Amino acid sequence: MLRLIELFVFWYPAIMSVAWVAGGILFYISNEKRDPLPLYETPMVSILVPCFNEADTIENTVKRLSELEYPNYEIIAINDGSSDNTSEIIKELLNRYDKLRFIDLKENNGKANALYLGLIAAKGEILMGVDSDAYILPDALNYMVPHFTNPYNGERVGAVTGNPRVRNRSSLLAKLQKSLQKPFELTWKPSKKCKMNAWWFFQPT
């Protein structure tokens, strides 16, 4: 009996590890390498970037966002009362990037409030949230937007997730996110009448 337990303890993790690795490879080949859906429409997308003491990362984030291949979008940076020079950096970036807009809050009221104010200022039909220490690939919107707009698909979709790469790895949480490869933001398409239910989700009234 003890021998069976020893064999189980040794072989079960080994076999499951191989199964998980093989499954991940198969998923990558079958799903991650797919071409995007056809892009029949290009509605305005508002990208909300809440910032709090992100002077070291915000410039590169805005630069990456300005290089997206999607033709119709805006970038809204919301400074949430940063105590460093985040605000000054974003103001300087306004002269370099035409798609960039800026909301400068003098007091820190939390990420949810910053995103809510960004929502109010947004011109887009589709909203996207991106942390100021992450970036998305240039073709990300080409993959995401068709899920909202294509026939027989958009009316059933409320949110699309992505997997930006975290660049600020100074904190334990950021390092954990990087190791698990699970940092993500949500893209959503709210109805004309909506109320805030949670800071990333919108629920029709």
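Biologist: Why is Glu-92 called partly exposed?

Modeller: This is a predicted model, and every value is computed from it. Glu-92 has a relative accessible area of 38%.

Biologist: What makes Arg-96 and Glu-92 a salt bridge?

Modeller: The N to O distance is 3.0 Å. The cut-off is 4 Å, so the pair qualifies. Arg-96 is partly exposed too, with a relative accessible area of 40%. Both residues also belong to a network of salt bridges with Glu-59.

Biologist: How do you know that Glu-74 is buried?

Modeller: Its relative accessibility is 4%. Buried means under 20%, so Glu-74 counts as buried.

Biologist: What makes Glu-74 and Arg-101 a salt bridge?

Modeller: Their closest N and O atoms are 2.9 Å apart. The limit is 4 Å, so the label holds. Glu-74 sits in strand 2 and Arg-101 in strand 3, so the pair ties together parts 27 residues apart in sequence. Arg-101 is partly exposed, at 26% relative accessible area.

Biologist: Why are the buried residues of helix 2 said to line one face?

Modeller: They are Ile-58, Thr-61, Val-62 and Leu-65. Down the axis of helix 2 they fall within an arc of 95 degrees, so they line one face. They pack against strand 1 (45-51), strand 2 (73-80), helix 3 (86-93), strand 3 (100-105) and strand 5 (134-135).

Biologist: What puts the buried residues of helix 4 on the same side?

Modeller: Those residues are Ala-114, Leu-115, Gly-118 and Leu-119. They cover an arc of only 140 degrees around the axis, which puts them on the same side of helix 4.

Biologist: Why is Asn-150 called buried?

Modeller: Its relative accessible area is 8%, and the cut-off is under 20%. Asn-150 is in the loop between helix 6 (146-149) and strand 6 (159-161). A polar atom of its side chain lies 3.2 Å from the backbone oxygen of Pro-38.

Biologist: What is the mean pLDDT of the chain?

Modeller: The mean is 79, and 76% of residues reach 70 or more. Over residues 179-205 the pLDDT is below 50.

Technical notes:
Residues are numbered from 1 along each chain as its sequence is written. This is a predicted model: local features need pLDDT of at least 70, side-chain atom pairs count only at pLDDT 80 or more; totals for chains, interfaces and linings use all residues. Side-chain values use heavy atoms; hydrogens and water are left out. Buried means under 20% relative accessible area, exposed over 50%, partly exposed in between (1.4 Å probe, protein chains only). Helices (H or I, at least four residues) and strands (E, at least two) are DSSP runs, numbered from the N terminus. The arc is that of the directions from the helix axis to the C-beta atoms. Contact means heavy atoms within 4.5 Å. pLDDT is the predictor's confidence in each residue, from 0 to 100. A polar contact is a pair of N or O atoms within 3.5 Å; within protein, one must be able to donate a hydrogen and the other to accept it, and residues adjacent in sequence count only if both atoms are side-chain atoms. A salt bridge is a side-chain nitrogen of Lys or Arg within 4 Å of a carboxyl oxygen of Asp or Glu.
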